[in-house]
Amino acid sequence: MANVPEHLLRRSAQAKAKATGVPFEQVWAEMTGGDAPAPAAVGETASTATATATAAPPRPPAAPAIPEGVRTQRMLTVVKAKAIQQVKREPTDKVNVWPHLLAIEFVALLVVLGLLIVFSIFQDAPLLELANPNAQPNPSKAPWYFLGLQELLSYFDPQIAGVLIPGLGLAGLALIPYVDRNRSTRPADRKFAIMVFTFFVVASAILTIIGSFYRGKGFNFTFPWRDGIFFDL
């Protein structure tokens with residue numbers, strides 16, 4: 001068998017060992033004329049081969065080389081659109097006008113009405129005599145809610161004090177919703193609206209107080225603690 005290639009002899013020995021159920025080493029020794037391997041050595045070899053096969057799993061094929069300058073992307077997973085979209089409706093802090101707002105306003109109306117009734121019981125406000133065009137009271141003052149305008153008439157021309165300034169004030173109040181579009185209900189976020197409202201309230205209050213308590217005969221400027229109070233409800 002010296003002329004037979006070794007790989008053909010090995011293939012023949014494997015086929016014969018498989019067909020006869022004899023270990024390959026024994027068949028190979030018979031075919032090549034060598035000594036048969038000892039049973040212990042055969043068992044040791046088989047266990048070693050089995051352990052080697054168990055300990056070393058086949059390696060996966062190597063990944064192809066990436067050219068220089070090329071960025072690779074990894075796709076982790078595919079998520080459906082509904083899984084990441086917010087489909088639930090977020091709660092808001094809005095409440096209905098009825099009954100929450102109207103109930104509070106009705107209670108406030110009853111409280112103010114009660115205070116006015118109590119005030120009218122203790123404060124006497126009789127009707128005066130019939131007006132006489134030949135006997136004008138001195139000073140002639142308008143009702144308290146018009147004393148601010150009457151005070152303006154003492155400083156400016158009637159066209160300015162009675163038409164221009166009140167018209168600009170009313171137009172400014174009407175334009176506030178178009179200028180300040182902030183929908184927040186927190187006072188800290190409505191500084192502009194609070195500033196404008198405070199300016200109108202304070203200006204009206206100052207003019208009304210001056211016209212009520214600091215104007216005497218002839219609608220001249222006086223001090224109430226020196227000349228008395230010229231004011232009737």
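Is aspartate 180 buried or exposed, and what is its relative accessible area?

Reply: Aspartate 180 counts as buried because its relative accessible area is 14%, and buried means under 20%, exposed over 50% and partly exposed in between (1.4 Å probe, protein chains only). Before we go on, keep in mind that this is a predicted model, where local features need pLDDT of at least 70, side-chain atom pairs count only at pLDDT 80 or more, and totals for chains, interfaces and linings use all residues. Residues are numbered from 1 along each chain as its sequence is written, and side-chain values use heavy atoms, leaving out hydrogens and water.

Now for the partner of aspartate 180. Arginine 190 forms a salt bridge with aspartate 180, and their closest N and O atoms are 3.0 Å apart. The two sit 10 residues apart, both in the loop between helix 7 and helix 8. A salt bridge here is a side-chain nitrogen of Lys or Arg within 4 Å of a carboxyl oxygen of Asp or Glu. Helices (H or I, at least four residues) and strands (E, at least two) are DSSP runs, numbered from the N terminus.

Another one joins the side chains of arginine 215 and glutamate 151, at 2.8 Å from N to O. That pair links distant parts of the chain, 64 residues apart: arginine 215 lies in the loop between helix 8 (191-213) and helix 9 (224-227), while glutamate 151 belongs to helix 6. Arginine 215 and glutamate 151 are both buried. For glutamate 151 the relative accessible area is 0%, which is why it counts as buried. Leaving aside residues up to four places away in sequence, glutamate 151 touches Leu207, Ile210, Gly211, Arg215 and Phe219; a contact means heavy atoms within 4.5 Å.

The salt bridge between arginine 226 and aspartate 227 (3.2 Å, N to O) gives you another setting. Arginine 226 counts as exposed because its relative accessibility is 57%. Aspartate 227, at 35%, is therefore partly exposed.

Phenylalanine 156 has a relative accessible area of 40%, so it is partly exposed. Together with Tyr155, Ile160, Leu164, Ile165 and Leu168, phenylalanine 156 makes a nonpolar surface patch of about 560 Å². Accessible areas come from the Shrake-Rupley method with a 1.4 Å probe, and for residues only the protein chains shown count as cover. Patches are made of residues with over 30% relative accessible area and no salt bridge, joining like charges within 9 Å and nonpolar side chains (Val, Leu, Ile, Met, Phe, Trp, Tyr) within 5 Å.

Finally, step back to the whole chain. Its secondary structure consists of nine helices and zero strands. Of its 233 residues, 12% count as buried. The chain exposes about 20500 Å², with carbon and sulfur atoms supplying 65% of that area. Among contacts with a separation of 6 or more, 38% come from residues 24 or more positions apart. So, back to your question: aspartate 180 is buried, since its relative accessible area is 14%, and its salt-bridge partner is arginine 190.
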